[in-house]
Amino acid sequence: MDEDDRARLAEFVASRTPALMRVAYLLTGDRHTAEDLFQSALARTIPKWRDLRHTDPEGYLRAVMYREQVSWWRRLRRYRETLLTGAAERAGPDPFGGTDVRLAMRAALRALPAAQRTVVVLRYYEDLTETQVAAALGCSVGTVRSRTHRAVARLRQLLPDIELLEVRR
């Protein structure tokens, strides 16, 4: 990699890291795991930088993150996340523009299995079509639809008071 490529790579990483870290966090539900996911995807992308620099390096890096997350999920799926129910305190209305909704949504997303969380992030945060999600994850459109359906149903159970869960078609 020559100096010009290194400079472009450094500029790309500096400018796009915050957005890519948000996606990684939404995929993993944990800041430290998100950092690991981003670094792993970046390590896989750097050797291909010369070929990617004139196309869509961010799209490639995002696709690597999606696939890496699914790979990690498959390796670790025997360890299930469990939602603790019970004495959760409810705060009053939020004067700061929906912070309570965002926090509740984040907790509910963490309660979803990784595969469902990934599909929800890609469909509703990244705004990808079912076909694009299927291509990014290497699965069928039917799998995307069923995971999305189950995830939205579970989110509605976890967040019955939040009206934001009306899915637009």
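This is a predicted model: local features need pLDDT of at least 70, side-chain atom pairs count only at pLDDT 80 or more; totals for chains, interfaces and linings use all residues.
1. On the overall build, the protein has eight helices and zero strands. Reading from the N terminus, the order of elements is α-α-α-α-α-α-α-α. Of the 169 residues in the protein, 37% are buried. If you take the contacts between residues at least 6 apart in sequence, 66% of them join residues at least 24 apart.

2. Helix 2 covers residues 31-45, which makes 15 residues, and its first and last C-alpha atoms are 21 Å apart, close to the 21 Å expected at 1.5 Å a residue. At the start of this helix, a side-chain oxygen of Asp30 comes to within 3.2 Å of the backbone nitrogen of His32. Which residues of helix 2 are buried? They are Ala34, Leu37, Phe38, Ser40, Ala41, Leu42 and Thr45.

3. Do have a look at Thr45, which is found in helix 2. Its relative accessibility is 2%, and the cut-off for buried is under 20%, so Thr45 counts as buried. The Thr45 side chain also reaches a backbone oxygen, that of Ala41, at 2.8 Å. Leaving aside residues up to four places away in sequence, Thr45 touches Leu52, Tyr60, Leu61 and Val64.

4. Now to the aromatic rings, where the structure holds one pair. The ring centres of Phe12 and Trp49 lie 5.4 Å apart with the planes at 40°, so this pair is tilted. The two partners come from distant parts of the chain: Phe12 belongs to helix 1 (residues 3-28) and Trp49 to helix 3 (residues 49-52), 37 residues apart. Are these two residues buried or exposed? Both Phe12 and Trp49 are buried.

5. Helix 6 deserves a point of its own. Its twelve residues (114-125) should span 16 Å at 1.5 Å a residue, and the C-alpha atoms at its ends are 15 Å apart, which agrees. Why can we call helix 6 largely enclosed by the rest of the structure? Because ten of its twelve residues are buried. Those residues are Ala114, Ala115, Gln116, Arg117, Thr118, Val119, Val120, Val121, Leu122 and Arg123.

6. Within helix 6 you will find Val120. With a relative accessible area of 9%, Val120 is buried. Which residues does Val120 touch, not counting residues up to four places away in sequence? The list is Leu109, Leu112, Tyr125, Ala151 and Leu155.

7. Finally, two details for anyone with the model open on screen. Arg123 lies over the face of Tyr124, at 5.5 Å from the ring centre. Helix 6 is followed by Asp127, and the phi of Asp127 is positive, near 60°.

Notes
Residues are numbered from 1 along each chain as its sequence is written. Side-chain values use heavy atoms; hydrogens and water are left out. Helices (H or I, at least four residues) and strands (E, at least two) are DSSP runs, numbered from the N terminus. The expected span of a helix is 1.5 Å times one less than its number of residues. Buried means under 20% relative accessible area, exposed over 50%, partly exposed in between (1.4 Å probe, protein chains only). Rings of Phe, Tyr and Trp (its six-membered ring) pair if their centres lie within 6.5 Å; planes under 30 degrees apart count as stacked, over 60 as edge-to-face and the rest as tilted. A charge sits over a ring if NZ of Lys or CZ of Arg is within 6 Å of the ring centre and within 35 degrees of the ring normal. Contact means heavy atoms within 4.5 Å. A polar contact is a pair of N or O atoms within 3.5 Å; within protein, one must be able to donate a hydrogen and the other to accept it, and residues adjacent in sequence count only if both atoms are side-chain atoms.
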